[in-house]
Amino acid sequence: MKAQRVVWGETLAEIASTDPTLVVLDGDLATSTRADIVADKQPDAFIEVGIAEQNMVGMAFGMSTLGYRPWLSTFGVFLTHRAIDQIRMLVSQTKAPVRIAAAYSGLLNGSSGKTHQDIEDFAIMRAMPNMTVIAPADEYEAASVIRWAAEHPGPVYIRFARDAVTPVFPEDHVFEVAKPVAVRNGSDVTLISTGVQTSRTLDAANILAEAGIEAQVIHLATLKPLDDAALLSLIGNQENVVTVEDHSRIGGLGGLVAELLSERGGTRLTRIGLEDRWSESAPNEFLLEKYGLSAERVAESVKASLLITAR
Amino acid sequence: MTAVDHRSHDHVELDTLARRARWHIVNTVATSKAGHIGGPLSAADLLTALYFRQLRIDPTNPSNPDRDRFILSKGHCAIGLYSVLALRGYFPEEELATFDHGDSRLQGHPDMLLTPGVDASTGSLGQGLSAGAGMALAAKRLEKDFHTWVMVGDGEIEEGMIWETVISAPRFRLDNLTLIIDLNGLQQYGWPRGEGDRFDRSEPMGHVDLEAVFRGFGWQTLSIDGHDWEEILTAYATANERRGVAGTPTVIIANTAKGHGISFTRGTYKWHNGIATTEELELAHSELIAELLLEGNDR
Ligand SMILES: Cc1ncc(C[n+]2csc(CCOP(=O)(O)OP(=O)(O)O)c2C)c(N)n1
Ligand SMILES: [Mg+2]
């Protein structure tokens with residue numbers, strides 16, 4: 001198992017070896033985001049900007065106007081929050097080909113706590129016109145997403161996780177933008193998940209299977225743009241839909257699916273995610289358990305949602 | 001080791017406290033398997049002197065409205081602050097063992113809602129000086145006599161928000177505000193010092209004449225050795241005396257070494273954070289604590 005950030009550093013270094021337009025701008029976190037791999041292997045593609053995220057976004061935009069396709073390297077929280085006005089005006093409103101690589105996203109960030117846990121990024125980035133929003137499931141999908149994004153002509157936001165998860169996809173998996181993918185079949189309930197949470201959601205589905213509940217699991221790597229028709233067709237006439245995300249229950253994947261399903265009747269949606277409160281610093285297992293995102297806790301919540309569903 | 005009799009009793013006591021703080025830092029991070037080392041160690045003397053000799057505070061009444069305020073803007077150095085707060089009596093030293101564990105009062109970054117003695121929440125770099133300016137301005141308007149102290153890192157001051165406050169604080173005549181820059185010569189990654197050696201990183205502010213810059217913005221500047229008790233205490237007293245009379249804020253540019261106090265962490269950029277091995281912990285203990293026991297200074 002490889003962490004997505006390692007895949008990110010290695011893949012960028014590889015692309016940079018033949019593509020002189022690829023540059024990585026770092027906010028003094030290269031050893032964490034693993035942009036240091038680029039600094040070691042392709043030093044000309046690496047630009048240290050220092051602890052100055054707003055400046056970094058401004059410079060990335062400026063370079064993009066001369067043909068560069070810059071990637072940003074820092075913790076996601078300092079992009080979607082600290083530098084959001086710069087991303088909004090200089091990147092999103094200009095359609096600049098800046099790749100916003102959000103490292104250490106979500107709840108699990110090596111015990112740094114609530115200041116560093118970006119649990120609102122989907123809500124913010126989804127609402128931004130022109131923005132493509134992607135959360136790869138594992139190391140293999142991450143590699144494919146990075147290659148796709150490197151060629152994309154507009155702004156891209158990619159949510160990366162700090163720690164490795166059990167892969168969801170085979171090594172040769174090819175990411176298709178906007179396409180939801182059913183990663184498990186089942187007819188009792190549909191679980192929709194995104195990012196590395198999909199790996200834990202699959203584990204939850206296996207726990208549910210032991211209790212005789214067969215869950216379909218849909219992975220949504222792209223939150224925006226989304227092929228609505230494809231998602232609705234995968235859901236079919238399933239009445240019990242549950243979203244699971246390492247994000248606030250407000251405005252993220254759950255919000256997205258609620259918006260979509262509100263346009264048709266007959267589905268009961270349960271949104272599993274972080275309650276409307278800040279979290280804390282602690283080891284991953286503790287956080288997943290306490291905040292309801294471990295496979296066991298997700299399985300429990302799904303069971304509870306089925307109990308209260310009129311069938 | 002300097003001979004004991006060359007140092008004043010006061011300095012010996014501070015030295016003992018700082019050694020114990022440093023031991024708490026490296027030991028707690030090793031036990032919790034999370035946290036930073038280099039920045040807390042470089043700041044340990046500055047924090048010890050501040051909490052034990054300068055701040056007008058009462059650990060039994062941490063929310064006294066007239067207390068001096070302190071903001072650790074470089075919030076990743078939380079364990080340094082917690083260690084000194086524990087030694088100063090804000091909470092039991094044993095509680096340090098809960099650092100970074102779930103349900104703890106001691107979060108990875110300082111949390112003013114949880115930890116007694118923490119005056120502002122920090123963790124996203126660059127925000128503490130503005131918070132301090134607000135406290136200092138409110139103190140003036142409310143005719144309160146306390147002093148507000150803010151500590152930043154030398155990498156942290158690459159953040160633009162710092163400079164927004166540097167420009168505006170003299171306009172507000174905030175002579176009750178002091179900025180301490182822990183100029184330890186390293187940030188997390190930064191820039192290589194020269195060709196070829198990627199482990200030899202250059203100083204974040206190596207190309208900046210900080211004294212001239214701050215003077216240009218209208219600040220009083222004091223440059224000191226941040227590991228010399230005499231210089232630290234004198235600078236603190238000078239900054240504090242100007243409260244209510246000078247009309248300009250003070251910056252103390254404290255020359256320190258990242259990781260100071262432990263041989264294998266000093267000046268080593270990869271010890272920005274890190275978990276000491278059992279052998280490293282033993283070495284740190286022998287350098288910090290065993291010497292105290294020999295000298296009979298451990299209280
Ligand atoms: C806004 C922001 N950007 C990046 C970080 C990540 N980060 C934490 S510590 C650090 C380096 C800080 O260097 P310095 O200010 O010199 O602190 P010290 O050397 O005292 O540890 C960085 C980049 C952060 N906490 N906040
Ligand atoms: Mg520093």
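Is A:E151 buried or exposed? I looked this up in what is a predicted model, and A:E151 counts as exposed, at 55% relative accessibility.

I then followed A:E151 to its partner and found a salt bridge with A:R69, where the closest N and O atoms are 3.9 Å apart. Since A:E151 belongs to helix α8 (residues 139-151) of chain A and A:R69 to strand β3 of that chain, the pair ties together parts that are 82 residues apart in sequence.

I noted that A:R69 also forms a salt bridge with A:D19, with 3.4 Å between the closest N and O atoms. A:D19 sits in the loop between α1 (4-16) and β1 (22-26) of chain A, so this pair ties together parts 50 residues apart in sequence. A:D19 is buried at a relative accessible area of 13%, whereas A:R69 is partly exposed at 22%.

In chain B I looked up B:R20, which forms a salt bridge with B:E93 at 3.4 Å between the closest N and O atoms; B:R20 is buried, with a relative accessible area of 16%, and B:E93 is partly exposed, at 27%. I also recorded a network of salt bridges linking B:R56, B:D68, B:D145 and B:R243, and a total of 31 salt bridges over all chains.

B:D154 and B:N184 lie in two loops of chain B, so the pair ties together parts that are 30 residues apart in sequence, and both residues are buried.

How values were computed:
Residues numbered from 1 in each chain as written. Chains lettered and ligands numbered in written order. Predicted model: local features only at pLDDT ≥ 70, side-chain atom pairs only at ≥ 80, totals over all residues. Heavy atoms only, no water. Helix = DSSP H or I, 4+ residues; strand = E, 2+ residues; numbered from the N terminus. Buried < 20%, exposed > 50% of the residue type's maximum accessible area, 1.4 Å probe, protein only. Salt bridge = Lys/Arg side-chain N within 4 Å of Asp/Glu carboxyl O.
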